[in-house]
Amino acid sequence: MDDDDFFIFEIHFGGRFKNLNGLVYVNGDVTAHDEPFDSDCLSIFELESILGNYGYQHGDFIYYKLADMSLENGLVLVKTDADVLKMVDAHKIEKFVVLYTVSAADADDCIPLTPTLPEVLVVDKSKGKGKESGTSNKRDKLPISGGKNKNKGITITERQPPVKGKEKEVADRSKGKGKEKIVEVSVEEEYDADDDVDCADYEPRLEVEDEVSELDLWDGLLSGDEDLLDAAVAAYTQGMASQPATSQLEKDWNSEMPNSDELISPLATSDEERVPKAPKPRSVEFDVIDMSNPVLENGMKFSDVYQFREAVREYNLKIGKDLSFVKNDKDKVIIVCKDEHCSYRVYGSQVRDEMTFQIKTYNPNHTCTRAYKNSAMNSKWISKRYMETFRHDIKKPTLALQQEIKSKWNVDVSKMQVYRARKRAAENIEGSHKEQYRKIWDYCETLKETNVGSTTLLDVERPSLDVAATFQRLYVCLAATRTGFKEGCRPLIGLDGCFLKGSYKGHLLSAVARDANDNMYPICVAVVEAECKASWSWFLSTLLKDLGEVAGGWTFISDRQKGLTESFKDVCPNMDHRACVRHIYANFRDSGHRGKALKDKLWAAASAYTEFEFDAHMAELKKLSPPAYEYLSKIPVATWSRSRFTKNPKSDLIVNNLSECFNSYILDVRDKPILTMIDTIRRKLMRRFQVNRASIAKMSGKLCPKIQVKVDKAGVKASECLLLYSGEGKYEVNYRQQKFVVNLREKTCGCKKWDITGIPCHHAISAILHEGSKIEDYVDHCYTIEKYQKSYEPIIHPVPSMEQWTRTQYDPVDPPFERCHPGRPKRMRRRDPSEPRNPFRFSKVGTNIKCSSCKKLGHNSRTCPLAKKQKSKTGSKGKKKKSADGATGSAGGATSSAGGATSTAGATGTRSKGKKKAAGGATGATGTAGSSGTTAKGKKKSGGAGAAGTAAGGVGGAVTAAGGAGGAGTAAAGSRKAKVVVVPTVEKAMTRIAAKKQKK
């Protein structure tokens, strides 16, 4: 803030004026107010807000005292914005204003009986000229009389009001720059302190003869010259008496403004009547429905400043213009185009005594080009405009949305802007991760009220009462799922956990059963910090306490997670526990026992229903790999082989697929806030229960559909059985050279499948059909439609939205400590090496690779460390010269081929009967070997600066030796040994190597 904008107010408040041998201010207090403000935009509204801190109420009187004057002749009443601007102009040098406030209740007793000063614009003494702030300094010259300047007179003339639609130059107070032309249009509205034209422009003014006399007059008035003041008052009174209409008008303007929508204007003069009147614009109220396609007009009213800003932004976004907020307060907003040369301007302010924001000045004409980067199109705007798009697809790709915005609005937005917009929209739709932890108590209470009998258990960490509670674990079990599980499902529970993808991570533990139709049946879920022994023990103990006891006990199946295995020993050591064979095989394979033969034997032993079959498969496995047999022998057989399973759960399940199905079922909610995730799971189950209830009503028969399919498949195999009835419901069944005993009364079979599953095997079905009974009567009751119906008969009741939740008195819970893991956040689980990433391509991931160079496992020849060492040694010695089968070659540039190929060298070759010579120095010589069939019987020599290539012909073949820099190549035909000519550089190198070896 500049120094020119800094004033000190000396405020006298709480008292009244009284005449005690002179006017004094009694029974009041005084204080200093030195807060900075924009003096050019100070209005009566802002002045009242400042004085409101000191007991001022609307309707009270405000006075200020002119500098170097007493209370009797220096008090000026402040009623309008024009009075405030005069006050500021009169004190721009002193920077010190003395204010007095008087209550309206003391008006009759305390109004100072001093003559009122003429309503004039105060001269700015700092400039030393007759220029006035915001108006022209030219006045009509009139004689002045009275006071010190007795040779001059004072006359009063009426100031003409501004003509509607007339252009005039005004100072740009918002920018502090030069002058700009704007069109002022009067608007029919209630009186507003922020109007650019107010009643002070229509009041009479003093006019003087020349500028010098004018300065003398105003300086005299401001200095407190009583004679000149009396003359001015007398002239003013005479002028009012001569113009009764104007006097009545002044009385109307000084009185309190009526509460009306019509603006009271002064009477028109003869000059004004000759000017054609422009039509008055009507006051239009903005309709919120038009926000997508707003239309702005001068005088348009808005509910608040936020709606005004949004409407202006939307309008200019539609036409591709970027805006700049010159002034952006709650009561005043000035908006211009970002292009400095554009004339677009909007000015709006708060209507006094109303909750209305109105456009006061509006120039809608843009003289700039389209802006392809718009500051108004930020992430907040994108999230709000595309909220419905995100609501239907919260994972919409950022690139697709970026292209959509560019094609529709022709504006460039960055990828991060779209990403932040999607994140903001997700928080609005799904809720904030941090805030939802503070609402856990309310959600649990609401859930128990809507679903009576449900269990919710919140475990927090709170060292002391002075410390806020921190979330640790949450257990949720709906009454409908618990009742349906106990009434209609088998006592088999699958346990598993999956990681969460939200801001605070953690794990979701689940307990899932199987219904009568062999579908998954979720029982409960829990959010914990991690899959460890402490969290699994807490979850198991809470689950067993919630479910209670059952005849025969509960049977659990899991993936042999380390913490879970130890928790079973501590919490429920006497209960049946099964392990997922797929996870056993993964550990089996990772231990080094690989191969399809071992895999087949493992699964055959796990799938065997009888002990003799299991022993036979394990014996074959031992023959294949004794270490593999020893590894499996350490795992209790009752946890992974059907031959040791109990009959109570009526299930032969050896994999934990039901829990894996549930993890896939809730995959899309694992990245949501905690309460949104829990409630989405509840909604999924509520829908699932209703769909299954509707499907059960359409079922016919006794058995569930999937069970009926299993029975029909077993019935096909029953035709291959040969049976012999022995009496009392016992049969001897022969199937593929194996004999089994079937007892229909006890519902058992020698293959043990009927005993474990409760569904008759093909041996039993052949005996049932022989007896003439119905197969459905021998299927266990847990597979019937009646049990299926009991599972989904309880109703999961709906829960209202967050704002309707029951408010509890518990202290809010803070989210868990965020553990920041290194690297980029991972949203996909780690795949096992055996899992194919591409089902259409074979992958070698997880297989052992053998190097062809060093014959070791774990790498190939390209990454062999031994080969790298050899390459590094070879590179340090330079290029080696090699010779094989009578041919040696180096970088001489010779090229050779066999069977009629072409050899090119930088030498010229000559041919003779006895000898063949090649002399260097010439380039581009070409020789042909094989096709020419040349035989050299004598010796071959080559020399010179360049390389020479000679060929000795065999049977259609050629051998070429190329020399180095000054080297030579020799070749012998047939079985003759090649003589190697060593160049001097190679000899020197070999000499150095031999010398080094001798030193070592």
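I looked up N410 and found it partly exposed, with a relative accessible area of 35% (buried is under 20%, exposed over 50%, partly exposed in between; 1.4 Å probe, protein chains only). N410 has a positive phi of about 60° although it is not a glycine. I placed N410 in the loop between α12 (398–409) and α13 (415–430); helices are DSSP runs of H or I with at least four residues, strands are E runs of at least two, both numbered from the N terminus.

The model is predicted, with pLDDT of at least 70 needed for local features and 80 or more for side-chain atom pairs, while totals for chains, interfaces and linings use all residues. Residues are numbered from 1 along each chain as its sequence is written, and side-chain values use heavy atoms, without hydrogens and water.

I then checked Q737, also not a glycine, and its phi is positive at about 65°. Q737 sits in the loop between β24 (730–735) and β25 (738–743) and is exposed, at 81% relative accessible area.

Next I took α17 (residues 533–547). Eleven of its 15 residues are buried, so α17 is largely enclosed by the rest of the structure. Among the buried ones I noted W536, W538, F539 and D546. G548 follows α17 and has a positive phi near 85°.

Last, I looked at α21 (residues 611–624) and α22 (residues 626–633), whose axes come within 5 Å and cross at roughly 135°; axes are lines fitted to C-alpha atoms over the stretch in contact, and angles run from 0 to 180 degrees between N-to-C directions. M618, L621, K622 and L624 in α21 meet P626, A628, Y629 and L632 in α22 (contact means heavy atoms within 4.5 Å).
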